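This briefing covers helix packing, the nonpolar cores and aromatic pairing. Please keep the sequence and the structure in view while reading.

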Amino acid sequence: MRIPRLSAKEAVIVKLLIDHSDGLYGLEMVRQAPELKRGTVYTTLTRMAEKDLVRSRQEPRGEEGGLPRRVFQLTGHGARVWRAHMAAEQALRGEEAWAT
Amino acid sequence: MGDLTLRALDSQRDRRAGVYVENGSGTFVTIVYIDDEGRRRTLGGFARELAEQPTSPNKITRAPGNWILHAADLLFSPSTVENLFEAAIADLRQEHFDALYQGRLWKARISLLRGYGALVVNALIHGLSGILRLVREAKEVVD
């Protein structure tokens, strides 16, 4: 079994989505986290969706019609990977503190 | 509807409104405009009728990113189209329309340029990472 890993950008996105359980648009994420850039955020989200860390849904169509925006939310698997990521980080920090 | 249509089209003259052909058959349009009291209004109609109004100063254009969506549909997987192209173009349009509603034409143009730039970079990175993944998988099979 391949253990899922989170890149630095993926971790920022997961953290944002934990804080916003209703979900966020890609552009909102860029505005809220300086680490994220417009030029890469959608690629990162696509990769995360392929890894089942996030899912997206279409917003209901507004009165003016047109293309509905896509809201990204964390999946259950994404939340579990985040907890594992945090636990591993804490364990490493503890180990480093113990070694020093 | 005639008066209202003309008023919507007139409001485009002072660059406060957006007139765009929406998705689908390419003939039905939604006009978004600001009325005299500064309220946001929308109006639907058929492109040919609206474009043939004798007083219309407008050319009716497609919504930003429309052709990119069509091209992406042919070239990329449904998941990539949804999570990358649809998400990016919907955000781009929202920013562009917001600027138009505020009457900030230059901001609207700049947001379009930035949105298109970001979309190109996203698509390039996605394409390159797909190629790298294929190479890695092929290498694993060979090994």
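This is a predicted model: local features need pLDDT of at least 70, side-chain atom pairs count only at pLDDT 80 or more; totals for chains, interfaces and linings use all residues.

**Packing of H1(A) and H3(A)**
- Helix H1 (residues 8-19) and helix H3 (residues 38-50), both of chain A, pack with their axes 10 Å apart and at an angle of about 80 degrees; because angles of 65 to 115 degrees count as roughly perpendicular, H1(A) and H3(A) are described in that way.
- From H1(A), the residues A:Lys9, A:Glu10, A:Ile13 and A:Val14 meet a set in H3(A) that consists of A:Thr40, A:Val41, A:Thr44, A:Leu45, A:Arg47 and A:Met48.
- Sorted by class, this contact of H1(A) with H3(A) comprises 5 nonpolar, 2 polar and 3 charged residues.

**Nonpolar cores**
- The largest nonpolar core has 36 residues, and those with the most contacts inside it are A:Ile13, A:Met29, A:Leu36 and B:Phe85.
- Among the elements that give two or more residues to this core are H1, H3 and strand S2 (70-74) of chain A, together with helix H5 (105-142) of chain B, while the largest share, 7 residues, comes from H4(B).
- Another core, of 5 residues, lies apart from it and includes B:Phe97, B:Leu100, B:Leu105 and B:Ala108.

**Aromatic pairing**
- Over all chains the count comes to 1 aromatic pair, formed by B:Phe76 and B:Phe85, which is tilted, with 5.0 Å centre to centre and 40 degrees between the planes.
- B:Phe85 counts as buried because its relative accessibility is 4%, whereas B:Phe76, at 25%, counts as partly exposed.

Note on methods:
Residues are numbered from 1 along each chain as its sequence is written. Chains are lettered from A and ligands numbered from 1 in the order in which they are written. Side-chain values use heavy atoms; hydrogens and water are left out. Axes are lines fitted to C-alpha atoms, for helices over the stretch in contact, and angles run from 0 to 180 degrees between N-to-C directions. Helices (H or I, at least four residues) and strands (E, at least two) are DSSP runs, numbered from the N terminus. Angles under 35 degrees count as roughly parallel, over 145 as roughly antiparallel, 65 to 115 as roughly perpendicular and the rest as oblique. Contact means heavy atoms within 4.5 Å. Ala, Val, Leu, Ile, Met, Phe, Trp, Tyr, Cys and Pro count as nonpolar, Asp, Glu, Lys and Arg as charged, and the others, Gly among them, as polar. A nonpolar core is a set of buried Ala, Val, Leu, Ile, Met, Phe, Trp, Tyr and Cys residues joined through side-chain atoms within 4.5 Å. Buried means under 20% relative accessible area, exposed over 50%, partly exposed in between (1.4 Å probe, protein chains only). Rings of Phe, Tyr and Trp (its six-membered ring) pair if their centres lie within 6.5 Å; planes under 30 degrees apart count as stacked, over 60 as edge-to-face and the rest as tilted.
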